[in-house]
Amino acid sequence: MVKTNDLILKTMTVLIAFILFGFAVNLFFAGHNEPGGGFIGGLMTAAAIVLMYMAYGERAVNKVLPFNYRTMITIGLIIAIATGVGSFLFGQPFLSQTFDYFHLPVFGEVELATALLFDLGVYLTVIGVTMTIVLTISSDR
Amino acid sequence: MLFAVFLPVLLAIFIPFFSKWKEKIHTGYFVLLAPLAVFIYFVPHVGNDFSPVSQSYNWIPSLNIGLDFYLDGLSLLFVLLISGIGTLVTFYSIFYLHKSERLDQFYVYLLLFMTAMFGVVLSDNVFVLYSFWELTSISSFLLIGYWNYREGSRYGALKSMLITVFGGLSMLGGFILLSIITETTSIQAMMEQADVILSSEYFGLILALILLGAFTKSAQFPFHIWLPDAMEAPTPVSAYLHSATMVKAGIFLVARFTPIFSGSDWFFVFVSGIGILTLVWGSYMAVRQTDLKGILAFSTISQLGMIMSMLGFGTSVAIFAAVFHILNHATFKGSLFMIAGIVDHETGTRDIRRLGGLATLMPISATLAFFGTFSMAGVPLPFLNGFYSKEMFFDASLEIHESSIAFANVLAQAIPYLAVFGSIFTFVYSMYLVFGTFMGEKKLDQLKMKPHEAPIGMLISPIILVLGVVIIGIFPNLVNSSFLAHTTEAIYGQPMEAKHVEFWHGWITPLYMSLIVVGVGAVLAFTRKSWNSIYNFFPGKLSFNKVYDFLVDQSEKASAKITNLYMTGSLRLYMALILVAILVCSFGVLWITDGFAFDTTGLAEITVHEILIALTMAVAAICTIFTRNKIAAILILGVVGYGLALLFVVYRAPDLALTQLVVETITVALFLLCFYHLPNLRERTEQVSQKLINIVISVAFGSLMTVVAISAHSTKLFDKISDYFLETAYKLGGGNNVVNVILVDMRGIDTLFEIVVLGIAAFAIYGLIKLRNKKEAE
């Protein structure tokens with residue numbers, strides 16, 4: 001069998017994957033004020049990773065992104081629950097969120113919300129779930 | 001009294017420890033303490049100046065259920081019978097049961113039973129009475145099935161359990177009705193409201209339910225069938241439960257409620273009618289039996305019928321006779337069972353056809369059996385107690401009150417004749433029992449072991465009981481005024497003079513009846529072989545056992561049939577059933593509440609692109625149904641999904657549109673992946689009728705959803721909460737994206753559990769695939 005040369009795909013992937021990652025991160029951070037959020041951000045990130053898997057194969061991507069996606073699900077869930085439990089420290093009910101404006105050195109006036117931490121949990125869980133499902137099914141036979 | 005009732009159960013806790021030493025000392029000796037102690041505790045109550053004692057202990061005060069004990073003459077008689085015969089039976093069982101048997105289980109069950117019986121006869125609270133009543137059923141079940149490796153034991157135990165629990169549950173129904181009507185749970189308090197109960201519209205139901213409980217427990221016709229099968233139990237159990245105590249629980253119940261019910265003519269019709277029928281049928285069937293305990297079982301049935309019918313007569317003479325016969329029957333029947341056990345124990349068989357001529361080999365047993373059976377037959381001799389009660393039974397049967405129901409009057413006329421008829425057969429089987437076993441030719445070659453007299457320990461209990469027969473026979477008035485008069489008073493409901501019992505009271509009708517019984521009975525007993533074939537014609541093959549077996553068998557078959565009818569394993573059928581159920585319920589509710597509403601106010605204008613998108617989706621959905629290619633179906637379904645995403649765009653829901661787009665892509669990809677791996681399935685061929693039904697159900701379900709959606713949209717009862725979200729999203733959540741603020745802040749807990757669901761799904765897929773591979777690799 002002739003080995004196919006998918007040079008175009010690989011080259012394009014390098015570009016597109018990074019654009020996708022950037023878009024995903026943008027979606028994630030924009031979530032509070034613009035369309036987007038942890039869920040769709042996570043799905044986009046997963047889409048980028050899947051694209052890399054399709055172009056470069058399992059072995060190469062495993063080397064570049066050495067994540068165990070099942071652990072990622074766990075971490076995501078722990079973060080999400082921890083943000084909920086954290087509100088107990090301030091005598092608030094479970095999953096109370098708050099926000100405030102800070103002046104950061106590079107970014108200037110920035111709004112920081114605890115909801116972002118919760119969204120981070122969602123983000124990680126969604127990536128983990130999607131990748132676990134895709135990798136598990138594709139590696140089956 | 002609380003301690004007396006629960007003493008056996010408390011002792012039962014320690015039985016397993018005692019049974020460790022059973023090789024050295026028989027566990028039964030420890031058990032003996034419980035009934036003996038109770039007997040000694042209650043004996044001092046016997047006396048002329050007895051007055052009822054009542055004690056109460058809290059149990060469930062909020063439901064008005066307490067451990068209320070009430071000791072009157074009736075309970076005293078039964079408590080003394082239970083504890084007295086319990087002592088003798090325990091003593092007998094020490095010699096009857098070998099140490100290699102599972103003694104701990106036997107005695108635990110027996111002690112449990114004693115507590116249950118004490119509780120039944122002493123309880124004043126109907127619900128406590130019921131609890132103990134069911135405990136007797138359960139412990140009796142355990143005792144009958146004691147030799148559980150035998151098929152017959154298991155069958156008999158199950159049968160008695162089913163029948164007595166059936167009756168027990170009906171009785172509970174009666175008790176509940178009673179306690180609702182009278183607003184009390186105490187039997188004594190109910191008696192004061194007897195007229196309220198009698199005039200209640202539920203009276204017929206209450207009477208039927210409670211009598212059903214009594215008749216099943218006391219083995220009355222046609223519920224008598226469990227008693228002969230219960231003879232698979234060890235003989236001490238048969239002697240104790242199935243002659244002296246448990247089967248009299250039904251008698252006790254009828255007696256206990258006589259002050260309430262006896263005002264009704266139907267009470268007389270049911271109790272006396274069934275009782276006399278049981279008497280005749282039991283004694284007639286007893287002659288047919290070949291097993292010693294089988295004869296005794298039917299004999300017990302018939303004697304119980306006699307007591308029951310006397311309770312139904314309701315005159316003071318009849319009730320005194322019933323009470324007297326309860327005592328007498330316990331003495332002679334207990335001893336006869338023990339002798340049957342001795343014969344079984346010493347010869348290895350209970351089949352009367354293989355027995356005979358044992359009188360010379362077992363003289364003491366033969367003598368005891370002679371007293372027991374002659375007393376049972378009611379032979380007029382001045383030292384047998386059975387004669388007195390039988391004579392009083394005849395006397396009472398002639399003095400039944402005139403009733404207002406014509407049917408009852410016919411019954412009253414017939415009862416004396418039926419009584420004589422039943423007693424003749426009683427005489428026949430009694431003679432058959434004693435002469436067939438102990439007289440005639442010896443058949444030693446048919447016996448498994450060489451018969452000899454039983455050990456003295458085994459004989460002590462029947463000797464004591466037969467002494468009771470003789471002592472009451474010689475001095476019939478010994479315990480009348482001090483003991484039995486109180487019992488009669490408790491049943492009859494008003495004070496009465498002690499009745500004087502005499503052996504000789506002149507040439508009166510009951511005596512002639514007795515003489516007829518003895519004369520005809522003797523002729524029939526000696527010509528038994530020549531007319532025995534009558535049993536081939538009547539009842540022949542007819543038997544209520546057949547009815548019972550048929551019912552049990554058919555209920556199993558029918559329930560299996562019904563279950564198999566709808567539990568076919570076909571998911572399509574279940575789906576159809578679920579949908580039809582939802583359809584019926586929802587449309588039913590819509591119909592009843594007139595819930596349909598249609599309101600067009602406030603609807604937005606429909607734009608062209610909305611129509612176009614909706615049309616595309618509809619066409620795609622319909623195509624999905626009609627395409628035969630599965631891959632094509634998935635792709636066309638994808639069109640519906642993307643159309644939905646477009647609709648979200650049109651309706652200005654960017655977050656939803658984004659998510660829907662990506663999720664739809666992933667689902668389609670996964671579907672394709674799965675179908676790629678699927679084996680080639682056979683094309684389903686469905687019948688046209690089945691297809692039509694499916695179409696009807698799905699169209700109906702679609703219309704239901706439409707109707708519900710329209711109605712829900714047209715009916716707005718409350719303000720929308722979305723206004724609040726729009727106002728406060730930025731103020732409280734610090735975000736302009738209201739959807740996201742709701743997801744992570746206002747309704748964060750929903751999101752939390754949704755990502756948990758996602759995680760579980762991922763792990764489940766991982767587990768499914770990886771674990772399957774591991775198993776295949778092995």
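In this predicted model, Ala219(B) lies in the loop between H10 and H11 of chain B, where helices (H or I, at least four residues) are DSSP runs numbered from the N terminus. The phi of Ala219(B) is near 55°, a positive value in a residue other than glycine. Pro222(B) is placed in the loop between helix H10 (203-217) and helix H11 (226-229) of chain B, and a cis peptide bond with an omega of about -5° joins Phe221(B) to Pro222(B). Most residues other than glycine have a negative phi, and most peptide bonds are trans. Residues are numbered from 1 along each chain as its sequence is written, and chains are lettered from A in the order in which they are written. As the model is predicted, local features need pLDDT of at least 70 and side-chain atom pairs count only at pLDDT 80 or more, whereas totals for chains, interfaces and linings use all residues, and side-chain values use heavy atoms, with hydrogens and water left out.

Between the chains, the axes of helix H4 (residues 114-138) of chain A and helix H32 (residues 738-746) of chain B come within 9 Å and cross at roughly 85°, the axes being lines fitted to C-alpha atoms over the stretch in contact, with angles from 0 to 180 degrees between N-to-C directions. H4(A) is therefore roughly perpendicular to H32(B), a term that covers angles of 65 to 115 degrees. Ala115(A), Phe118(A) and Asp119(A) of H4(A) meet Asn740(B), Leu743(B) and Val744(B) of H32(B) in this contact, for which heavy atoms must lie within 4.5 Å.

Technical notes:
Helix = DSSP H or I, 4+ residues; strand = E, 2+ residues; numbered from the N terminus. Parallel < 35°, antiparallel > 145°, perpendicular 65-115°, else oblique.
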